[in-house]
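Biologist: I'd like a close look at the nonpolar core of this one, and at the aromatic rings too. Could you walk me through it?

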Amino acid sequence: MKKGKVDALLGIVFGDEGKGKVVDVFTPDYDVVARFAGGPNAGHTIIFEGKKFVLRSIPSGIFAQDKINIIGNGCVIAPDLFMAEAKELEAAGYELKERLHISKRAHLILPTHRVLDRAYEAAKGKAKVGTTGKGIGPTYSDKAARTGLRIGDILDGFEEKYAALKARHEQILHDLHYTDYDITEEEKLWLEGIKYISGFQLTDTEIEINRYLKEGKNVLAEGAQGTMLDIDHGTYPFVSSSNTTSGGVCTGLGVGPTDIREVFGIFKAYSTRVGSGPFPVELFDETGDKLREIGHEYGAVTGRNRRCGWVDLVALKYAIMINGVTQLIMMKSDVLDGFDTIKVCVAYKKDGKVMENMPFETEGCEAVYKELPGWKENLSKLTEESQFPQEFRNYIQFLETELETPITILSVGPDRAQTIVRK
Ligand code: IMP
C-alpha cells in the first residue's frame, strides 16, 4: 500500500507559464521533486533573494537542500548542457550529487541530434516548427524508433554504442545533403559531460519513486512546456515531442494513475507562444507589444520574442479536460495592471462558424472576445485577497465560472513572496 501521493504541476497552455517559481514555492510541502518529460528545451526561471537562476533539465526543487530531485525516464538529457547547468548550481553552493538522481532510462541527446534538428527544420521551409534547436525531436524519434541511447548505456560499452548512433545520424545528414556542420568542439564538451554525469546517481528512478510513495513521501511532478505543445493534444505538428500532459506523469516517472492526487494547472493572466504554429489570440498591435514589454516575454532558452495575446478559454477548457486539472494557478496577474479593458477569448470563429470546443485544426481560427473592465491598482504590492480591486475580483470570478475550476493561487510578481494563496 502506497501512502504517499504524486501531485502534478503542469503548464496548461504553450509553456512559459512560470512553473519554476511555483515549484519553488511548493517544494517545502514535498519530499521529492521530479521532472517527467522534455529536456533542455525548457527554461524554468526562479528568482529569490535577488538571485536569478534558469533551470533547464534539473528540477526546480534543487534549491531546497533537503529534497530529492529526480530526472525521470520520460526526459531527454544533453550531457554538455546538463554539466554547465549543474556546475553553475554547484558554484552557487548547492550540493547535487547526493540529491539529484537520474533515470537510467532517460534518453541522451547527442550533438548529432542537434544537427538533425537544424537539418529537419531547414528542410521544412515555411512549415518550420520553430524548435528550440536542442535536438528534442530527433532524440524522441530515436526513442520511438528504438535506436536511441539511454543514460544507462553510459555504464556499459558506451563508446561503441555512441559511435554506431553517431554514424547513423551522419548517414541521414549525408542523405539530406546537410553536410555543412562541424561538431568537433561540441563533441569534446559533450564527452566531458558524459564523464561528469556518470558521477551522479544514475538509478532505476521508477523503483525509487514507488519506494518513496510506499514510505509515505509525497512527490511533486514538475511539468515542462505546456498542454498545447503536447505531442498528442497540442497544435500538431507545431508541438514538442513528448507528452507534457498529466498522462506523461505516469509514463515519464513510472507511477500509476491512482498515485496522482492533485493536478495543478498553471496559466498566465494572458497568453504567450514561442515558435511557429497557429495562435488565434495573437495580437499584432501595440497591446501585444505592451504585454510583451511589461511581462518580459522573451524566451528563457532562445531569447526569441514571445507572441502575446489575451487569455484563451478555448485552450484552457481543453487543457483542464485533458489533464484532469483540479486546481488552477494564475501567474503574472500584475502584467494586466492599467489596461482600461481586458479581453477574454471565449470562442474561435472560422468560416462563419463559432466554436467553443478546441477544433482539430486551429489554423485560420479567429478569437471571439468578451470584454471586462480593467483595474488601475498595482497588484504587485498586494499581499492578500482582501486588498484586490473589484475589477480583478470580477476577472477571477469570470474565469472560474467559465472554467468550472477554482483558481487557488495567484502570482502578482516574479518573487517567491509575491504569491497569494486563496483560502
Ligand atoms: P522543441 O521542443 O525544441 O522541439 O520545440 C518545439 C516547439 O515547442 C517550438 O515551438 C518551441 O518554441 C516550443 N517549446 C519547447 N519548449 C518550450 C518551453 O519550455 N516553453 C515554451 N515553448 C517551448
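Predicted model: local features only at pLDDT ≥ 70, side-chain atom pairs only at ≥ 80, totals over all residues.

Modeller: Let's start with the largest nonpolar core, which has 71 residues. Those with the most contacts inside it are I12, V249, F267, M330, L336, Y395 and L399. Now zoom in on F267: if you skip its neighbours within four places in sequence, F267 is in contact with I12, V13, E17, V311, L316, L328, I329, M330, M331, L399 and I407. There's also a second, separate core of 33 residues, and L149, I151, I154 and Y162 are among them.

On to the rings. Searching the whole structure turns up 15 aromatic pairs. Take F14 and F279: their ring centres are 5.6 Å apart and their planes sit at 90°, so this pair is edge-to-face. F14 is in the loop between β1 (6–11) and α1 (19–26), while F279 is in the loop between β12 (270–273) and α9 (286–294), so the pair ties together parts 265 residues apart in sequence. Both F14 and F279 are buried.

F82 and F200 make another pair, with ring centres 5.1 Å apart and planes at 75°, so they're edge-to-face. F82 belongs to helix α2 (residues 79–91) and F200 to the loop between α6 (184–197) and β9 (201–203), so to speak linking distant parts of the chain, 118 residues apart. F82 and F200 are both buried.

Ring pairs also join W375, F388, F392 and Y395 into a cluster; Y395 is that residue from the core list. Finally, the charged end of K290 sits over the ring of F339, 4.3 Å from its centre.

Notes: Residues numbered from 1 in each chain as written. Heavy atoms only, no water. Core = buried A, V, L, I, M, F, W, Y, C linked by side-chain atoms within 4.5 Å. Buried < 20%, exposed > 50% of the residue type's maximum accessible area, 1.4 Å probe, protein only. Contact = heavy atoms within 4.5 Å. Phe/Tyr/Trp six-rings, centres within 6.5 Å; stacked < 30°, edge-to-face > 60°. Helix = DSSP H or I, 4+ residues; strand = E, 2+ residues; numbered from the N terminus. Lys NZ or Arg CZ within 6 Å of the ring centre and 35° of its normal.
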